[in-house]
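Dear colleague,

Please find the structure below, together with its sequence. My notes on what was found in it follow directly after.

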Amino acid sequence: MTVRVLIAEDQGMMRDALALLLGLEDDLEIVAQVPTGAEIVAAALEHAPDVALLDIELPGRSGLEVLPELRAALPGCAVLVLTTFARPGYLRRAMEAGAAGFLVKDGPVEELAAAIRRAVAGERIVDPALAAAALRAGPSPLTDRERDVLAAALDGATIADVAARLHLSESTVRNHLSSAIGKTHTRNRIEAAQLARHNGWL
C-alpha cells in the first residue's frame with residue numbers, strides 16, 4: 001500500500017528536502033506541499049492524503065490552529081506535527097486536537113518515515129522525554145483571550161497597541177494581562193508572555 005503524504009512547511013528548502021527524502025521511500029508518495037496554514041485544508045481535500053505533516057510555525061495560521069479543522073474535514077487523515085520547538089504545551093495542544101504524533105525536526109528521516117507508517121496503522125507517536133515534560137508542565141492555565149493578549153504583548157507592545165490590535169479596550173487588556181501574570185507567577189507582561197511561549201501555551 002502506498003501512503004499518500006501532505007507536507008505543510010513554510011521554509012522552502014526544508015519542504016523540498018522532506019519531499020525529496022520521503023519520496024525515496026518505496027511506499028510513500030508526496031501528493032501535496034503547502035507553505036502556509038491557510039492552504040492546508042483545501043490541499044488535503046483536493047489530494048486526500050493518508051498522513052499530513054504539519055509544521056507549527058506557519059504564516060497566517062499555525063499548524064496547531066489548523067489541526068482540528070483538518071481532522072474534522074478529513075477524519076481519515078492522520079496528522080503528525082513537526083516542530084523545531086520541543087515545547088510541552090505544544091505537544092499537549094497537538095494531542096488534544098487529535099494529532100497522531102508530535103516529532104521534533106532534528107530526527108533522522110528514517111524515523112519520520114517510520115512514524116508516518118505507524119500513524120497510518122493507528123499508532124500514536126510521541127517522544128517519551130517530551131511526553132514526560134508535558135505531564136510535568138500541566139495544561140495551560142490561560143484562557144483563549146489571555147493567550148491572545150500575551151501573544152500580542154510578546155514583542156513589547158504597549159497596552160494601547162495590544163488593545164488596538166485586538167479591538168479591545170485598554171482596561172480589558174490590563175485585566176487580561178493582570179490575570180495572566182498572576183496565573184504564570186511572573187512579575188510583568190513580558191515575563192508572562194515569554195514563559196507562556198516557552199511552555200508552548202501561545
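Predicted model: local features only at pLDDT ≥ 70, side-chain atom pairs only at ≥ 80, totals over all residues.

Asp27 and Arg117 are joined by a salt bridge, their closest N and O atoms being 2.7 Å apart; the term is used here for a side-chain nitrogen of Lys or Arg within 4 Å of a carboxyl oxygen of Asp or Glu. Because Asp27 lies in the loop between H1 and E2 and Arg117 in helix H5, the pair ties together parts that are 90 residues apart in sequence. Helices (H or I, at least four residues) and strands (E, at least two) are DSSP runs, numbered from the N terminus.

Residues are numbered from 1 along each chain as its sequence is written, and side-chain values use heavy atoms, with hydrogens and water left out.

Salt bridges

Arg117 also forms a salt bridge with Glu25, again with the closest N and O atoms 2.7 Å apart. This pair links distant parts of the chain, since Arg117 is in helix H5 and Glu25 in the loop between H1 and E2, 92 residues apart. How accessible are the partners? Asp27 counts as partly exposed at 22% relative accessibility, Glu25 as partly exposed at 25%, and Arg117 as partly exposed at 30%. In this scheme, buried means under 20% relative accessible area, exposed over 50%, and partly exposed in between (1.4 Å probe, protein chains only).

The side chains of Glu191 and Arg187 meet in another salt bridge, at 2.5 Å from N to O. Glu191 is partly exposed at 23% relative accessibility, whereas Arg187 is exposed at 70%. Salt bridges with shared partners also join Glu9, Asp55 and Lys105 into one network. By the rule given above, the count comes to 13 salt bridges.

Six strands form an open sheet with parallel pairing, in the order E2-E1-E3-E4-E5-E6. Strand E2 (28–34) and E6 stand at the edges with a single partner strand each, so one side of each is left without a neighbour in the sheet. Two strands are taken to pair if DSSP finds at least two bridges between them. Strand E4 (residues 78–83) and strand E5 (residues 101–104) run parallel and are joined by four bridges. Within this part of the sheet, Leu80 stands opposite Gly101 in E5.

Around Glu123

Gly101 leads on to Glu123: the two are 22 residues apart in sequence and 8.3 Å apart in space, C-alpha to C-alpha. Glu123 is found in the loop between helix H5 (109–120) and strand E6 (125–126), and is partly exposed, with a relative accessible area of 36%. Not counting residues up to four places away in sequence, Glu123 touches Ala100 and Arg118, where contact means heavy atoms within 4.5 Å. The side chains of Glu123 and Arg118 are joined by a polar contact of 2.9 Å. That term denotes a pair of N or O atoms within 3.5 Å; within protein, one must be able to donate a hydrogen and the other to accept it, and residues adjacent in sequence count only if both atoms are side-chain atoms.

A buried glutamate

Is Glu146 buried or exposed? Glu146 is buried, with a relative accessible area of 4%. This residue has its place in helix H7 (residues 144–153). Leaving aside neighbours within four places in sequence, Glu146 is in contact with Pro141, His176, Ser179, Ala180 and Lys183.

Backbone angles

Most residues other than glycine have a negative phi, and most peptide bonds are trans. Ala48, although not a glycine, has a positive phi of about 45 degrees. Ala48 lies in the loop between helix H2 (40–47) and strand E3 (51–55) and counts as partly exposed at 41% relative accessibility. His167, also not a glycine, has a positive phi of about 60 degrees. His167 lies in the loop between helix H8 (159–166) and helix H9 (170–184) and counts as exposed at 73% relative accessibility.

With kind regards
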